[in-house]
Every structure is written in structure tokens, then in C-alpha cells.
Amino acid sequence: MCTICALYSQDTLDGKGDALVDPNTLSDDGTIALSLCDVSENAEFLAVGLSSSGSDWLNIKVMQVADKSWQPDSLSWVGAFFASSYSE
């Protein structure tokens, strides 16, 4: 199994990094990758696009950044082009 890059945050440029999303923990076989991400204007929410087994289709999930909790709703079978080009 290979290690897939995680998404980190930090309070300052010199601060300690804190893992927000680590795809390596989302599946037993390491086949989920972080394909895109976007932060809300107030930095309260983080939307991530997760792809499974190299698929072009994404599952979009939203995390509340303060407590790293996933919101209950998600979007499945989203095309990567559509998700990355949608601005509002």
C-alpha cells in the first residue's frame, strides 16, 4: 500500500501542522485520494472531493474545520471537471 498525501492546516507559517484530512485513514486498502478541496470564505467549512480506486468520479464531503467533524450530507458521483469549475 502506498501513502497518499494528507491536507494539513497551521495557524502561522512557522506553526506546527495539524492534519485536517488524511485519506490514508479513510479506507483499509489506501484507495481513497484527496482530489480537490475548497475552504469557505470564513474558513468555517472545508469541502473535499474524494476519489476511490483512481476513479474520475468524486464523493464531495464537507467538514466543519473547528472540530474536524464531517457534515452528514455528501454528493456522490460528481464529475471532477464540474466540481472544480463551479464557483458559487
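**A tour of the salt bridge and the sheet**

The structure holds one salt bridge, a term used here for a side-chain nitrogen of Lys or Arg within 4 Å of a carboxyl oxygen of Asp or Glu. What you have open is a predicted model, in which local features need pLDDT of at least 70 and side-chain atom pairs count only at pLDDT 80 or more, while totals for chains, interfaces and linings use all residues. Residues are numbered from 1 along each chain as its sequence is written, and side-chain values use heavy atoms, with hydrogens and water left out.

Select aspartate 18 and lysine 68 to begin: they form the salt bridge, and their closest N and O atoms are 2.9 Å apart. This pair links distant parts of the chain, since aspartate 18 lies in strand E2 (residues 18-21) and lysine 68 in the loop between E5 and E6, 50 residues apart. Strands are DSSP runs of E with at least two residues, numbered from the N terminus. Aspartate 18 counts as partly exposed at 36% relative accessibility, and lysine 68 counts as partly exposed at 34%; buried means under 20% relative accessible area, exposed over 50%, and partly exposed in between, with a 1.4 Å probe and protein chains only.

Next, select the open sheet, whose four strands have the order E3-E4-E5-E6 with antiparallel pairing; two strands pair if DSSP finds at least two bridges between them. Strand E3 (32-39) and strand E6 (69-79) stand at the edges with a single partner strand each, so one side of each is left without a neighbour in the sheet.

Finally, select residues 45-52 and 57-64, strands E4 and E5, which run antiparallel and are joined by six bridges. Within them, leucine 50 has asparagine 59 in E5 as its bridge partner.
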